[in-house]
Amino acid sequence: MLHILVLILKVIGIIFAAILGILVLLACVVLYVPVRYDIRASCDGTFAGIRAGARVTWLLHLVGFYACYEEKELTWRIRIAWKNIRSGQEEKSTIRSEVETYDKEMEELWEDVEEGEEENAGEDLEEDGKENAEAVEEEGKEPGNVMVEETRRCREESGEALESKEDRKELAEAVEGEEESADTGEVKEVGQLCEVSGEDAAKSEEGSCGEPCEASDCGAGCEEEHRSIWQKITDLCQSIWQKITGLYRKIADIPAKVKDSIENISEKIESLKGKKDKIVDFLTDEIHKKAFVKAKDELWRLLRKLRPKRVAARVRYGFEDPSLTGRILAGISVMYPFLGDDVRVYPDFERKVLDGNLEVAGKIKVSYFVWLLWKLVWCKDVRMTYRHVRNFKL
């Protein structure tokens, strides 16, 4: 029994050890297997003739990214194990789907057309049968019946002609009656206009109330007009006085406003001085200084590790503006100590040209970044500075 228990524990231990070993192996693969990159570019003397290619791989090309720029066209490919994703695959799939849908629609249209042709053929047969039956009926008629129908039609047409003549007579009589009524209406309107003009002349001799105007009434109206004029003048003077007093009050309040604004500005300046002193004290603290120096050294070490292993270039360039060529040369000269001896740059200040080739290759490991974080976390000064930064308030 004990032997069986020990065997079970042994199997469980082997399983845990295998799982732990797999996890450690995966961690080492992620940390220490580098991501390699290789960039190459060349040009035949013009900006339009630029050709470039880039390759990024990881874990023995199990995962990779490939890109190429040539003849003003960019193509790319992503590889994950046996799965490849290329540029233009989505367009091809959309085209295929469109073609399939188009074929389905055409098949449906052909089916509809065939059904419609069958229905039209059935209708044509029915119409032909009806026409034949009508023709047979017409042929079966006797000549006497045909003559009777023609005489009836003639009588009906003559009756319609007589009715049209009577209608014309009635219309002519109605028009003559309307003209006479229009003439009489004009005479009546002229009479009414004359009466109205007479009434207006009579009213003009009377007052506005319809009675004759007297001298006392005219005097009362003149007094009311004078009173309304004086009232308007007094209202205008009062409004002008109110505006003058309001303007005087605004001018009197200007010094107080200026004083308040100056006090607010001085308070803001004092608060800014206090904030500046607080920031300076934070930066000049010995613990913080040590933390900043530590972070700078580790970052510089990381950049040196990330520097490309190979940089080779021979470039001859020039722009239409010589000043632009000079500015670019000044920027490249700053980077010369980091580029190496295999880099040659030849500026051309007289013409627009770009000629040469470029090769850049290197690798990046995740362990570089993990090692940087590990050193910063285990530094006491960095941890204290991080806490102070989180609690820092101006």
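Visitor: Which element gives the largest share of the lining of the largest cavity?

Guide: A cavity is a set of points on a 1 Å grid over the protein atoms alone where a 1.4 Å probe fits but cannot get out; lining residues have an atom within 4 Å of a point. Here helix 5 gives the largest share, four residues. Helices are DSSP runs (H or I, at least four residues), numbered from the N terminus. This is a predicted model: local features need pLDDT of at least 70, side-chain atom pairs 80 or more, while totals for chains, interfaces and linings use all residues. Residues are numbered from 1 along each chain, and side-chain values use heavy atoms, without hydrogens and water.

Visitor: Which residues line the largest cavity?

Guide: Glu-298, Arg-301, Leu-302, Lys-305, Tyr-368, Trp-371 and Leu-372 do. Helix 5 (286-306) and helix 8 (366-377) each give two or more of the lining residues.

Visitor: Which residues of helix 5 are buried?

Guide: Buried means under 20% relative accessible area, and exposed over 50% (1.4 Å probe, protein chains only). His-288, Ala-291, Glu-298 and Leu-302 are buried in helix 5. Seen down the axis, they fall within an arc of 100 degrees, taken from the directions from the helix axis to the C-beta atoms, so they line one face of the helix. On the other side, Glu-286, Lys-290 and Lys-296 are exposed.

Visitor: How far apart are the end C-alpha atoms of helix 5?

Guide: The expected span is 1.5 Å times one less than the number of residues. The 21 residues of helix 5 should span 30 Å, and the end C-alpha atoms are 30 Å apart, which agrees.

Note on methods:
On a 1 Å grid over the protein atoms alone, a cavity is a set of points where a 1.4 Å probe fits but cannot get out, and a pocket is an open set with protein on both sides within 12 Å along at least five of seven lines; lining residues have an atom within 4 Å of a point.
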